[in-house]
Every structure is written in C-alpha cells, then in structure tokens.
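Visitor: I'd like to learn how to read a structure like this one. Could you walk me through it, feature by feature?

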Amino acid sequence: MSGKRADKAKNKKADRGNAGAEDDPSKTTDDYQCCGNVEIDFPRLCALLGMNDIPAVKNSKSKINAMTLWRKPCLCAELESEDPCSVKSIKIFGWKVDELIAQVLNKMLPSLSKLQSLQLWQARLSDRMIISLKNTVCVCANLRSVILEGNPLPEQSYHLLLSEDSVLAQLSLRHNQMGDEGARLIGSALSTPTSANKNLMSLNLAFNSIGDAGAAYIAQGLRLNRALLLLSLSNNRIGDTGAAHLAKTLGEFALTHEEIIARRKLLLEKDQTASMTLGSVSLQDTPKKDEKPAANPAGGTGKKEDPKTNKKYTDMPCAASLPCHHQTGLVEIESPLLDPAVQHRDGQVILPGNTALAYLNLSGNRITKQLLPLLLTILQTQPEGQGLRRLCLQVCYSQHTHVSCVYGRVGHTHTNTHTQNMNPNCVIRVQAI
C-alpha cells in the first residue's frame, strides 16, 4: 500500500508540474517532467511537439496479441502489476516511428524504472534514430532486451547497439536486410583485438541475406568475444565456406599479427599493474626503525598485533592501481588474449577456441554434407562441460533426399563415425533436405 501511495503522490506532483503544459507555447519537452505513467506521459509529450494524430496507448497486464496492434497506430505497454507505472515492455507494430515519436520515446523511456524490453517491428526506423536509441538505452535502469525487426537501414547502424559500453543482454535484428556489409559491422562490434562487447548474451541475425563473406566477419568477431552465448544465423545465404569460418572459431586457432601485438600490450600492462601493486603493499608494510608499539588504549599488555589476523583495509593497493572491474566490484570478462592456456607451437601463438558460445543456429542456409567432418572434428576438441551445447543445421544432400530430422547427443548419435569421443553435453539437430 505504501508503494501505491508513493506512486500516486509522484503522479500528482508531476501533474502539477505539467499542468497547462500543452496550452503554454513556451513549454517544451525539455521542461516536461515524466511521471512514469505511459498513458499520461506519451500523449502530453506528443502534444508538446505539436502532433495532431497522436497514437493511442494500450496498457495491459497480460500479453497482447500482435494482430490487434496492426489495425491502427497504438503504443502497447505491458504492465508488471496493476500499478500503471510498472511498465515492463513497450511494443510498436507496423506503423512509422517518425522523428517526433522517436523524440517522445527518448524522453519517456528513462522514466520507466521497470522497463525490461523494447520491441519495434516494421517501424521504418532511420539510422539517426538508432544513434539516439543507443544513448537512451544507456540511461534506462533495467532495459536489457531490444527487438528491432523488419527495419532495414541505409547505413546499417545497428552495430552501434553492440558497442563496448552497451548494457544490452538480448538483441534481435531479424529481417533487416543487413547483407555482408551489415555483418561486417556487427562482427567488428562483437570484438576486435583491442575491444569487445562484454554484456550481450543473445543475438538473432536470422533472415538478413548474410552470405559466406558476412559469416566470415561474424566468425572474426567471435574469436575474442566471450560474452555471447546464443547466436542465430538461420535462413541466410551461408554456405560451407562461411560455416567453416564459424566452426574454426570453436576450436583452437593461431593469433594474427595484430592480435599478437595486442596480447603483448595487455601482458605489459598487467605486469606494470602487478609491479605497482606489489610496490604499494611493500612500502606500507615496511616497519620504520624508530617506530615504537602504540600503547593499548584498553590498558592491555601492549602485545604486537598479528598481521595475519588483523590486516586492515588500508593495506590493500590503491584503487588507481587495480583493474576497473576490481574498482567497481563487478566481474568483468578478461581478454581471451590473456588466457593462461595459450600455447606456442611451430612459431605460432595458439589460443583455445571460443567455448563461451553455447547455442548456434545455422538452419535454413546452404550448408552441405561436406562441412560435417570439419565441424564434428572441431567439436571433438572442445572440453567436456564447456563449449557448444546445441547446434541446428539443415544439410543439403541432394534434391531427391527425403526430409528427416535427427536429434542426438554427440557421442551417442549414429549419424556419422566422427561423432565418437565428442562433447557429450552438445546436442546436434540435423535436418537433411
């Protein structure tokens, strides 16, 4: 009850602050104070921008059928509870989000403290809107899932949502006609020798006309990315060549010249940080010659303190000498280039493959049976309990082959002799066409 009273008081305060805002020509959206109630904030912000045809707002605690949203423009706000300020999902289906609507959303979304998901389907977005959306997502407290499907962009700006500082955990970009150029930008956003996305766990790139070259770019991004767990590249134009690039990132591979240089820099920085830390600790722990034990304020015997049992927090290294994830208290993914399992063989630096990716969907592409020996051999090298858990394929044998589905744990399926002694935790789904 106290929470509802606080929300009502917040709404009344916002109402008083926004009273007459629509009628005062001097008022702007910058002056408006959002109350977190979409049914109030959205139409008022639209009115301040001079919009005549304002889309309706539909609030619902249960999921709304998408077909009902196609009849006329409306903004669907899914509530977490009866509280009108508990919006957890915003959905727009099939109507154009122009610059004015985008401006309203960028103003309103940060005020929705419980917002978790944003979905814009066939909203005819622009590259400029994606740039502003990127900045808005960063200031939304709990927004971690964004679905932008059916919105082709001339400049393929979707990669901006995968920047190194992005907080998104799930991103779906189906039906956006990315092609190989869009895949190149996405791959670079996933990782380069000097940067990597550290938060995105699920990425859907289905139905984007990505070919072998685009798959190679995505594979390049997977080399040094250890955050992504689920990747869908289904229903594209990927053949054996592109799929082979993806498969090779799952097994150990040799570092390129650029990656070796980046590794050396990271090792040097790590050594310097360790030296500073050890120097700081040794200086603080070194006793002075003339220093006498302090008197015991409690009137005790004045025995020396045991440093093992009474080490103070000030003996720890200063915050400036620690890595950023120690300063913030958050667990940050260390660069794979510093993996202690790195090996040196035949003049090459060999890095263990990507064992973070757990789900890969390549169904609906142009993959043939020629890829299977390479794929299954690479999966053999992944350690048990790590690496790929589920792989979806559609393998082209011939146009006369009957359609069949095979599900099985690797090591127990009879599909191919190469499946023996492989990761028993991985499930392969093969559909022959």
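This is a predicted model: local features need pLDDT of at least 70, side-chain atom pairs count only at pLDDT 80 or more; totals for chains, interfaces and linings use all residues.

Visitor: Which residue forms a salt bridge with E252?

Guide: That's R345, with the closest N and O atoms 2.7 Å apart. R345 is partly exposed too, at 32% relative accessibility. To read a pair like this, look at where each partner sits: E252 is in the loop between helix 7 and strand 11 (253–254), while R345 belongs to strand 12 (residues 343–345), so the bridge ties together parts that are 93 residues apart in sequence.

Visitor: How many salt bridges are there in total?

Guide: The count comes to nine. What qualifies is a side-chain nitrogen of Lys or Arg within 4 Å of a carboxyl oxygen of Asp or Glu. One of them joins K88 to E78, and there the closest N and O atoms are 3.7 Å apart. K88 lies in strand 3 (residues 87–93) and E78 in strand 2 (residues 74–79), so this pair links parts ten residues apart in sequence.

Visitor: Are K88 and E78 buried or partly exposed?

Guide: One of each. K88 is partly exposed, with a relative accessible area of 28%, whereas E78 is buried at 9%. Salt bridges with shared partners also join E78, K88 and K91 into one network.

Visitor: What about E164, which residue does it bridge to?

Guide: E164 pairs with K198, their closest N and O atoms being 3.3 Å apart. Both ends are in loops: E164 between strand 5 and strand 6 (170–172), K198 between strand 8 (195–196) and strand 9 (202–204), so the pair ties together parts 34 residues apart in sequence. E164 is partly exposed at 42% relative accessible area, and K198 is partly exposed at 25%.

Visitor: Now helices. Which residues of helix 4 are buried?

Guide: They are D127, M129, I130, L133, K134, T136 and V137. As for length, helix 4 runs through residues 127–138 and spans 17 Å from its first C-alpha to its last, close to the expected 16 Å.

Visitor: And what do the buried residues of helix 7 pack against?

Guide: Their neighbours are helix 6 and helix 10 (372–380). The residues in question are G242, A243, A244, L246 and A247.

Visitor: Which residues form a nonpolar patch on the surface?

Guide: M201, L229 and L230 do, and together they have about 230 Å² of accessible area. L229 is in the loop between helix 6 (212–222) and strand 10 (230–232), and its relative accessible area of 32% makes it partly exposed.

Visitor: Let's zoom out. How many helices and strands does the protein have?

Guide: Ten helices and 17 strands. Of its 433 residues, 43% are buried. The accessible surface comes to about 23,600 Å², and carbon and sulfur atoms account for 52% of that. For a view of the fold, take the contacts between residues at least 6 apart in sequence: 76% of them join residues at least 24 apart.

Technical notes:
Residues are numbered from 1 along each chain as its sequence is written. Side-chain values use heavy atoms; hydrogens and water are left out. Helices (H or I, at least four residues) and strands (E, at least two) are DSSP runs, numbered from the N terminus. The expected span of a helix is 1.5 Å times one less than its number of residues. Buried means under 20% relative accessible area, exposed over 50%, partly exposed in between (1.4 Å probe, protein chains only). Patches are made of residues with over 30% relative accessible area and no salt bridge: like charges are joined within 9 Å, nonpolar side chains (Val, Leu, Ile, Met, Phe, Trp, Tyr) within 5 Å. Accessible areas come from the Shrake-Rupley method with a 1.4 Å probe; for residues, only the protein chains shown count as cover. Contact means heavy atoms within 4.5 Å.
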